[in-house]
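Here's a quick tour for anyone meeting this structure for the first time. Take a look, then read on.

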Amino acid sequence: NVIMIASMTKNKDQETFILAANKVTKIDKMIHFYLIGDGIKRNYYENFVKSLLLNNYIHFIGWARNTEEYFKAADLSILTSAKDHGEGISNSILESLGCGTPVIATDNGATEEIVHNNMNGYLIKCGDYEQLSKKILYLRNDNELLNQFSCYGKNLILNKFSLDKMINQFNKTMYN
């Protein structure tokens, strides 16, 4: 199971996710893709999925409150952002890694601060659905690597992004 939890707006890039899913499902029909979120581009994406005949492989969940349950149930989390959007520290990525779900994300903005390429997931270029599909297919058969990515991601969140760590860092910045 591969998920993307993000708003369906101009700042995110579900189209790259859908195009990668199209390539992946031509090779492995057992992989399912889930788009979780809502927004002004949802109808466009739903129609795009229908036009590619991917209704059986890409599932639209809509807005969800219990995102950690989706992250824990997923094998892999994706966050593709629009080329002109400077992604900050993404809650979606933080939550995914905290749940032990490896991430593939676009390399714009501050994403590289939390997705360490080849350590807890992969970074790809914006719009590169070919590379995204290759990474998904590569990871589908490598449970050992997925487990390594999962452990590294959880440890990164605990050691760098826990509430205590962030409060201490804030205090150091403000009062030193």
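## A helix across the strands

Helix α1 covers residues 14–27 and lies across β1, β2, β3 and β4 (76–79). Helix α1 runs at about 165° to β2. Angles go from 0 to 180 degrees between N-to-C directions, with axes as lines fitted to C-alpha atoms, for helices over the stretch in contact; contact means heavy atoms within 4.5 Å. Helices (H or I, at least four residues) and strands (E, at least two) are DSSP runs, numbered from the N terminus.

This is a predicted model, so local features need pLDDT of at least 70 and side-chain atom pairs count only at pLDDT 80 or more, while totals for chains, interfaces and linings use all residues. Residues are numbered from 1 along each chain as its sequence is written, and side-chain values use heavy atoms, leaving out hydrogens and water.

## The sheet

What order do the strands of the open sheet take? The 6 strands go β3-β2-β1-β4-β5-β6, with parallel pairing; two strands pair if DSSP finds at least two bridges between them. At the edges sit β3 (58–62) and β6 (121–124), each pairing on one side only. From one strand to the next, the twist averages 20°.

Strand β1 (residues 2–5) pairs with strand β2 (residues 33–36) over 4 bridges, in the parallel sense. Met4 stands opposite Leu35 in β2.

## The cysteines

There are 0 disulfides here, a disulfide being a pair of cysteine sulfur atoms within 2.5 Å. Cys99 is in none, and its nearest cysteine sulfur, that of Cys151, is 14 Å away.

Cys99 counts as buried because its relative accessibility is 18%. Cys126 counts as buried too, at 18% relative accessibility. Buried means under 20% relative accessible area, exposed over 50%, and partly exposed in between (1.4 Å probe, protein chains only).
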